[in-house]
Amino acid sequence: MMKVLILGGGGMVGQKLARHLAAKGLNGTSVDLTLHDIAFPPDAIPGAAQKTGNLAEPGQMEALAKDRYDVIFHLASIVSGEAETDFDKGWQVNMFPTWRLLEALRSEHEATGGSYVPRLVFTSSIAVFGGPYPDQIIDTFFCAPQTSYGAQKAICETMISDFSRKGFVDGLSIRLPTICVRPGKANLAASSFFSGIIREPLNGKDAILPVPDTVRHWHASPRSAVGFLVHAAGLDTRRLEGRRALNLPGVSCTVAEQIEALRRVAGEDVVARIKPQPDPAIQKIVAGWPRDFAPERAIALGFTAEQSFEEIIRVYIEDDLKPV
C-alpha cells in the first residue's frame, strides 16, 4: 500500500483527487490516504484521514514529513487575486512553506541514508509567464511572472527542481491551465469569473463579466486536473531530462467563444444571465496572463485534456451540476 498525502486536500481539486484515489487507488496501487488543510468540507471521504493545520505556521511541514509519505501532492496555496492584494500573506503561504517542506523531506532523506526519496507533485500555474507573448507559448518560453502569485509559483518550481537534482526528492511541477468550470462558490482568484459566467447561469443565477469578451485564455476541467495529478504521480521523471516543470494541455478560447459554447449547450435564456460589468483591477491582472500554449512535451508524456470548451461545460454538467 502506498502512503499518499494531499496538501490542500480540503479544496475543490484536492477533494476530487482524494475521492478518485479513495475509489481507484493510484495507478493500480491501493493507498493509505491523508489530507491536510486549514479546514474541510462536512462530508468526509471514506478511508481518508484528515489533518487540520496552517502550513504557514512553523513546525507543520516538519511534522508531516516525519510520516514519510511515498507521494505528496502539493496543492496548498492562496489564489492569485488574494496573493496580489495581500503581499505578505502571499509569500508566507505560497512560498515559505514549500521551502520548509523540502528541507524537512531532505532531513528524512538523510536520516534514512538516502533511501527515502518521495515523489512530490506541485501544482504550479501559467502565471509563471509574463508578456509580451507570442501567439502560442512553446515549451522553451522563459518564465517572467508579472504578479506576486506567479513569482511565488516560479520560485517553488526552481526549488523543487534543485532538490530533485540533488536526489532529496523526486519532484515535478505541473503548470495547470485555469481550472474551469469550478463548482461551488466563487473564490478570490482573479480568474474566478471564467467559471462564474458558466456556473452561475447554469444554476439559474446572474453572473458578472468583468472583462471584454475578446479576452482569450487557457482552460481545463477539474476532471482533467485530477487526471494530470494522477499521471504526474506515476511518471518516469527520467523522461523529463532535468526540466521538471511542464506546461499542460488545455483549450484556448475567448470569453465570446465560452459564451457561444454555453449558448449551444444551454440556450439563449441561460446566456442572458451574463451581465457585463467592467472591473479595471481584474482586467489589469488578466491582461498579463498567457492566452495559448503548444504543450508538446506534456502531450508526448501522456497528459491529456478536453478538446473544446463545449466539452468542458459538459464535464461540469455531468460531474457537478446539481439537479433542479
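Axes are lines fitted to C-alpha atoms, for helices over the stretch in contact, and angles between N-to-C directions run from 0 to 180 degrees. The model is predicted, with local features requiring pLDDT of at least 70 and side-chain atom pairs counting only at pLDDT 80 or more, whereas totals for chains, interfaces and linings use all residues. Residues are numbered from 1 along each chain as its sequence is written, and side-chain values use heavy atoms, with hydrogens and water left out.

**View A. Helices α4 and α5.** Helix α4 (residues 87-94) packs with helix α5 (residues 96-111) at an angle of about 20°, and their axes are 3 Å apart. Helices (H or I, at least four residues) and strands (E, at least two) are DSSP runs, numbered from the N terminus. The two helices, α4 and α5, are therefore roughly parallel to each other (angles under 35 degrees). In contact (heavy atoms within 4.5 Å) are W91, Q92, V93 and N94 of α4 with F96, P97 and T98 of α5. This contact of α4 with α5 has 4 nonpolar, 3 polar and no charged residues; Ala, Val, Leu, Ile, Met, Phe, Trp, Tyr, Cys and Pro count as nonpolar, Asp, Glu, Lys and Arg as charged, and the others, Gly among them, as polar.

**View B. Helices α7 and α9.** Helix α7 (residues 192-202) and helix α9 (residues 255-266) also pack at an angle of about 20°, with axes 11 Å apart. Therefore α7 and α9 are roughly parallel to each other. From α7, the residues F193, F194, I197, I198, P201 and L202 meet V255, Q258, I259, L262 and A266 of α9. The residues of this contact of α7 with α9 comprise 10 nonpolar, 1 polar and no charged.

**View C. Two cis peptide bonds.** Most peptide bonds are trans. The bond from G131 to P132, however, is cis, with omega near 5°; P132 is placed in the loop between β5 (119-125) and α6. The bond from C180 to V181 is likewise cis, with omega near 10°, and V181 lies in the loop between β7 (178-179) and α7.

**View D. The backbone at N27.** Most residues other than glycine have a negative phi. Phi of N27, a residue other than glycine, is positive, near 50°. N27 is found in the loop between α1 (12-24) and β2 (31-37).

Conventions
Parallel < 35°, antiparallel > 145°, perpendicular 65-115°, else oblique.
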